[in-house]
Amino acid sequence: MPTWVARDDEHEGITMAGGVSGEGTIDGFQVHGQDIPWLLRHWAEHRPEHPALIWEPADGTARTWTYAQLLADTDRLAAGLTERGITPGTKVLLHSENCPEMVLAWLACATVGAVAVTTNTRATAAEIAYFVARAGCVAAITQPRFRTPLTESGATLDWIAVIGDPAADEAADPTTLDFADLYAAARAWPGRPAEPMLPFGIMFTSGTTSRPKAVVHTHANAIWASRSGPRSIDLGPDDRYLIHLPFFHVNAQSWSFFSVLGVGATAVLMPKWSTSRFWDVVARREITHISLMPFCFGTLAAPDRPRTALRVGVFGQVAPALDQMLGLRVYAAFGMTETVTHAITGKPAEYLPARSMGRPAPGYACAVIDPETGRECAEGEVGELWLRGARGVQLFLEYYGDPAATEAAFAGEWFRTGDMVMLGAGGNVFYRERDKDLLKVGGENVSAREVEDVITGVGGVGSVAVVGKRHDFLDEVVVAFVIRTANAPDEAALEKSILELCRERLSDYKVPRAVYFVDAFPLGTLDKVLKKTLREMADARPAV
């Protein structure tokens, strides 16, 4: 097994069988007696009047919740959920764009002991049906614009609560509720004992498999993120983190919101990224921290940017050149839904080499492994990044309903990330390449296999290979190379059929931006399709 365990827990070697921690173990003591309700009560007691959540809508009235108000509203919703049959372990679908009601419902589910299943709002009806079935959701909370795809999904749900007034025909349906009707008296919530290892959330993440996997996070994961996150990005109690990324992503939930809860700071929530509103919100709300994505750079680098309190941008690698260009300090942080929070980090004060991802964060052990031989790579060699931590604390608990995928993701206690990296001098990790079948479109993971499986079902398609094509704004977009069958329709008609089926079955960011017809694929050893060559071929084509 790997031996490189830089910056691992100080009590190395004391673990439970299978790497799953609980009460009575060394790892269990880290989160003993702590869960999300405990965290909310803690700050409601110690910083009751401090702003916890500020809502900055594009239209309408802004609103602020102090920690005391956040706890009160969460408990009222928790009481209302229990009156609607939601109990510990129950799965509730949260299908909504960023809004305070989504955050409150997410916290209320955790308070009850239920599991909030947060899903991508760009999902099609077919994808929603898969999410509900895979997770076993019994109820849903959504916004009016998503009521139709929920209905079209055919999902069987006991009730659907709509944020904002439901339409007249929906209001007549006894299974459709107004979200406001979920609130009950706070005193009606009796509370429950803390259970750190109890699951609280499910997020679906695409990998190299054909369907997204349901990643389970526990209350202990949340506590870990709240403790580790602020230290990685120097977030203090009087700082303010602007959340502009979708709240159904781990970045918004764990990297941002739980970091805020860890120190009693303030989260400022926007519906989504807005170039026109960004500097106004940053200035008025005295924002200090944001998560950086490439699409933010143009706004941040504007020559007429105002002088504000913004000082920290959290990004995927050490980038000193960005500090000057963007006018803030870039903190490197690598993680994924399965690692809960930042697993590899680098602060400007550490003066790490440019383009490094940083070094393993405390609590995580790292290794670089040759995926073909299983041999640990030497310095300067490229291999797969493996991470070790306690499952359910530093790492996710499991892929819900998929024990085979969970087992395949681990080699003993080590989680196999699928990311190719290089171990450099001084323990620095350098990103090299993700798995060829995992695309990154504007921050969204896309499984090439999932898209290929849909296209294969189109008559006239003999073979298909999906790859990413470079894109200035989204980093990369999906394109498909297709070999037609002998009796296939003409290219224009076949392309139309392919795109129509993809739009019906897949979220818009998964739909190919272009279909390229070829007579054969470039092949390597054992007739494997050379997707690297296909990516080069795609990049040589006109921009899409």
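Analyst: Happy to! Let's start with helix α3 (residues 67-83) and helix α4 (residues 100-112), whose axes come within 8 Å and cross at roughly 65°. Keep in mind that this is a predicted model. The crossing of α3 past α4 is right-handed. On the α3 side, the residues in contact include Leu70, Leu77 and Leu81, and among their counterparts in α4 are Leu104, Leu107 and Val112. Sorted by type, the residues of this contact are 10 nonpolar, three polar and two charged.

Now for the salt bridges, of which the structure holds 22. One of them joins glutamate 56 to arginine 277, with the closest N and O atoms 3.0 Å apart. Glutamate 56 sits in the loop between β1 (51-55) and β2 (63-66), while arginine 277 belongs to helix α10 (residues 275-284), so the two are 221 residues apart in the chain. Both glutamate 56 and arginine 277 are buried. They also belong to a network of salt bridges that links Glu56, Arg277, Asp280, Arg284 and Arg285.

Another salt bridge pairs aspartate 239 with arginine 311, where the closest N and O atoms are 2.8 Å apart. This pair spans 72 residues, from the loop between α8 (219-233) and β10 (240-243) to the loop between α11 (297-300) and β13 (312-315). Aspartate 239 has a relative accessible area of 9%, which is under 20%, so aspartate 239 counts as buried. Arginine 311, at 33%, is partly exposed.

Note on methods:
Residues numbered from 1 in each chain as written. Predicted model: local features only at pLDDT ≥ 70, side-chain atom pairs only at ≥ 80, totals over all residues. Heavy atoms only, no water. Axes fitted to C-alpha atoms, helices over the stretch in contact; angles between N-to-C directions. Helix = DSSP H or I, 4+ residues; strand = E, 2+ residues; numbered from the N terminus. Left-handed = near helix turned anticlockwise from the far one by under 90°. Contact = heavy atoms within 4.5 Å. Nonpolar A, V, L, I, M, F, W, Y, C, P; charged D, E, K, R; others polar. Salt bridge = Lys/Arg side-chain N within 4 Å of Asp/Glu carboxyl O. Buried < 20%, exposed > 50% of the residue type's maximum accessible area, 1.4 Å probe, protein only.
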